[in-house]
Amino acid sequence: MIHHSFFSLSFYKFSIPDWQNRKNKLLDLVDWDNRECWSGNHFSDYYVGSDRKDYSLDFVDIVKDSFEALGKELEVPLFLSSLWAQRYFTNSFMPPHNHGAIGYSFVLYVEFEKSQHPSTTFYSPFNCPIRGDVIEYKPDISEGDIFFFPSMLLHMAEPNKSTLQRTIFSGNIKAQV
């Protein structure tokens, strides 16, 4: 018998060093009181300003170790093409979506209580060949982790059932060609 495995997807997780210091710097980048960014009990600056926020350069400087490590792993220089911050309160969520056909996307878990918050749910682009079920993947995440995934992959943030806020930065990166 010959066994071949193909159509695999690569994910990358890095833990941000000196997390507590960098966490505070990241949280200071965003105007969390900006009323334009509020929709119900959910904060997102995705639709405010351009794809590259005013704080993009500072963000990249804070997490550059992870971006450089991913670029080395993929053997290509990378650039940040878009960035946004989101904060979820009780019962807020992000429905299934993707970030386009090209590049990698990321979620940086800034305020994340592992015992209270679910990590992002990812959906396989194909069903289980035996049962036909949708294949889900929920990575083991801790606060301070940045998780990179193919941009085309369907994913969602499940409802926050906790009274503790869940804060993330997300964005897209592409190869410099």
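R87 stands opposite T167 in β11. This is a predicted model, in which local features need pLDDT of at least 70 and side-chain atom pairs count only at pLDDT 80 or more, while totals for chains, interfaces and linings use all residues. Residues are numbered from 1 along each chain as its sequence is written, and side-chain values use heavy atoms, with hydrogens and water left out.

T167 belongs to strand β11, residues 166-175. Strands here are DSSP runs of E with at least two residues, helices are runs of H or I with at least four, and both are numbered from the N terminus. The side chains of T167 and R87 make a polar contact at 2.8 Å. Such a contact is a pair of N or O atoms within 3.5 Å; within protein, one must be able to donate a hydrogen and the other to accept it, and residues adjacent in sequence count only if both atoms are side-chain atoms. R87 also lies over the face of W32, 3.9 Å from the ring centre; this assignment requires NZ of Lys or CZ of Arg within 6 Å of the ring centre and within 35 degrees of the ring normal.

## Surroundings of T167

T167 is buried, because its relative accessible area is 0%. Buried denotes under 20% relative accessible area, exposed over 50%, and partly exposed the range in between (1.4 Å probe, protein chains only). Leaving aside residues up to four places away in sequence, T167 touches L27, W32, Q86, R87, L108, Y109, V110 and E111. Contact of this kind means heavy atoms within 4.5 Å.

## The seven-stranded sheet

Seven strands form an open sheet with antiparallel pairing, in the order β1-β9-β6-β11-β4-β3-β2. The edges are held by β1 (12-15) and β2 (38-39); each has a single partner strand, so one side of each lacks a neighbour in the sheet. Two strands are taken to pair if DSSP finds at least two bridges between them.

Strand β4 (residues 78-88) is joined to β11 by ten bridges in the antiparallel sense. Along this pairing, Y88 has R166 as its bridge partner, and L80 has I173. On the β6 side, seven bridges connect β6 and β11, again antiparallel, with L108 opposite F169. Three bridges link strand β3 (residues 42-44) to β4 in antiparallel fashion, and S44 stands opposite Q86. Ten of the eleven residues of β4 are buried, so β4 is largely enclosed by the rest of the structure. Strand β11 is likewise largely enclosed, because eight of its ten residues are buried.

## Helix across the sheet

Helix α2 (residues 56-74) lies across β1, β4, β6, β9 (145-150) and β11, and runs at about 120° to β4. For such angles, axes are lines fitted to C-alpha atoms, for helices over the stretch in contact, and the angle between N-to-C directions runs from 0 to 180 degrees.

## Aromatic pairs

The structure holds 22 aromatic pairs. The rings of W38 and F89 have centres 5.6 Å apart and planes at 25°, so this pair is stacked. It links distant parts of the chain, 51 residues apart: W38 is in strand β2, and F89 is in the loop between β4 and β5 (94-97). Both residues are partly exposed, because W38 has a relative accessibility of 24% and F89 one of 23%. The rings of Y109 and F112 have centres 5.0 Å apart and planes at 65°, so they form an edge-to-face pair. Y109 and F112 are both buried.

Rings of Phe, Tyr and Trp (its six-membered ring) are paired if their centres lie within 6.5 Å; planes under 30 degrees apart count as stacked, over 60 as edge-to-face, and the rest as tilted. One aromatic cluster consists of F14, Y55, F59, F67, F106, F148 and F169.

## The four-stranded sheet

Another open sheet has four strands in the order β5-β10-β7-β8, with antiparallel pairing. Its edge strands are β5 and β8 (136-137), each of which pairs on one side only. Two bridges join strand β7 (residues 121-123) to β8 in the antiparallel sense, and Y123 stands opposite E136 in β8.
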